[in-house]
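Here is a short note to read with the model open beside you. Please take the points one at a time and find each place in the picture as you go.

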Amino acid sequence: MDHTKDPEVLLCFENETGTGQIRAYEVFPGVLLSFSRFHLERCESNYAQSQNMFGFEYCIEGKIQWDTQDGRAAFLGAGSFMPYDYGQSSGHFLFPQRNYQGISFGIQLSKAEGQLPPDFPVDLERLKDRFCMGNNLDLSASPQAANVLGLVQASACQTDLHRKLACLELLLFLQDLQWTEHTALPVYLPSSQVRKLKQAADLILNDLEHHYTLQELSQATGIPVTTLRRHFSSIYGCSVAKFARKHRIEQAQRLLRETELTIAQIASMAGYDNPSKFASAFRADTAMTPQAYRLKSRGQNGA
């Protein structure tokens, strides 16, 4: 049995917002499997536009947004799976949570035809026709999906043979999947609305001491309150209030690690007018007091 690893293509991304990488494998001619991990806000790629391909994206963690050529933005969150046509992407990708881990499975039909094992019972043309491209599939409640996608994910650290077997398992699973039972409402937003929602997030991030109300954010961005409430979580994965709290605590953690400011000063800078309220919120999110976190982050005994 051949246990050698097949050559991988490593694509690295770096800009002022962070770094990311994609490890891609041509498992069969015309059949690509890639594993991505990003810790940045955005990146550009011409790779998708250059391929006459369709494929499937599975989000393991975080959230991804990509702009389509018709001026909309599509979103995929953790546990969701989306069939899509590579040619519809503008090549502009965003990661609203600055964190994303996912699996892409791409098929270039003209090249892949006849390349799967003899008598393998999956017709790639039919497979493409079975799915409504661009509709999210929520597979979180499917044990079979968890098993198959687990095999695919594990193959990232294994051999060419493991990746081949995992891809064949995935193709069999997709052929038999009753996708209408798992279809979730697709999240498509006009790019203009996405920009306004990002503006609301930036207002919060740029002034964490201020507790913005939905009404204030609505006035500042021109987004109706109901739209803001409904779609903010589509992009950022949580409500406005939870988003603000998460970043207040993250700022407090950074200040505790990197400065000698007092707990009271840090509480104020993180938007808490009462150190006791700050300590309670900090402990709820981190299971530690601010002082214990400071000591632990500096390698001291916080007991």
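1. The protein chain holds 11 helices and 11 strands. Both kinds of element are DSSP runs, numbered from the N terminus: helices are H or I runs of at least four residues, and strands are E runs of at least two. Of the 303 residues in the chain, 49% count as buried; buried means under 20% relative accessible area, exposed means over 50%, and partly exposed lies in between, with a 1.4 Å probe and protein chains only.

2. Please keep in mind that this is a predicted model, where local features need pLDDT of at least 70, side-chain atom pairs count only at pLDDT 80 or more, and totals for chains, interfaces and linings use all residues. Residues are numbered from 1 along each chain as its sequence is written, and side-chain values use heavy atoms, with hydrogens and water left out.

3. How confident is the predictor? The score to look at is pLDDT, the predictor's confidence in each residue, from 0 to 100. The protein chain averages a pLDDT of 85, and 88% of the residues score at least 70. Over residues 1-5, pLDDT stays under 50, and the model has 10 contacts beyond four places in sequence for this stretch. A contact means heavy atoms within 4.5 Å.

4. Contacts also link parts of the sequence that are separated along the chain. Among contacts in the protein chain with a separation of 6 or more, 67% are between residues 24 or more positions apart.

5. Now to the helices. Two packed helices are described by the angle between their axes and the distance between the axes. The axes are lines fitted to C-alpha atoms, for helices over the stretch in contact, and the angles run from 0 to 180 degrees between N-to-C directions.

6. Start with helix H5 (residues 191-206) and helix H6 (residues 214-221), which pack at an angle of about 125° with their axes 10 Å apart. That angle makes H5 oblique to H6; angles under 35 degrees count as roughly parallel, over 145 as roughly antiparallel, 65 to 115 as roughly perpendicular, and the rest as oblique. On the H5 side, the contact is made by Lys-196, Gln-199, Ala-200, Leu-203 and Ile-204, and on the H6 side by Leu-217, Ala-220 and Thr-221. By class, these are five nonpolar, two polar and one charged residues. Here Ala, Val, Leu, Ile, Met, Phe, Trp, Tyr, Cys and Pro count as nonpolar, Asp, Glu, Lys and Arg as charged, and the others, Gly among them, as polar.

7. H5 also packs with helix H8 (residues 240-258), at an angle of about 35° and with the axes 10 Å apart. Which residues meet here? From H5 come Ala-201, Ile-204 and Leu-205, and from H8 come Val-240, Phe-243, Ala-244 and His-247. This contact of H5 with H8 has six nonpolar residues, one polar and no charged.

8. H8 has another partner in helix H10 (residues 275-286): their axes come within 10 Å and cross at roughly 95°. H8 is therefore roughly perpendicular to H10. Arg-245, Ile-249, Ala-252, Gln-253 and Leu-256 of H8 meet Phe-278, Ala-281, Phe-282, Ala-284, Asp-285 and Thr-286 of H10. Sorted by class, the residues are seven nonpolar, two polar and two charged.

9. Next, some backbone angles. Most residues other than glycine have a negative phi, and most peptide bonds are trans. Arg-98 has a positive phi, near 55°; this residue sits in the loop between strand E8 (89-94) and strand E9 (100-107) and is partly exposed, with a relative accessible area of 44%. Asp-119 has a positive phi too, of about 65°. Asp-119 lies in the loop between helix H1 (109-112) and helix H2 (124-130) and counts as exposed at 81% relative accessibility.

10. Is Thr-17 buried or exposed? At 12% relative accessibility, Thr-17 is buried. Thr-17 belongs to the loop between strand E1 (9-15) and strand E2 (18-28). Leaving out residues up to four places away in sequence, Thr-17 touches His-39, Leu-40, Glu-41, Arg-42 and Arg-98.

11. Finally, look at Gln-115, in the loop between H1 and H2. Gln-115 and Phe-28 are 87 residues apart in sequence but 6.6 Å apart in space, C-alpha to C-alpha.
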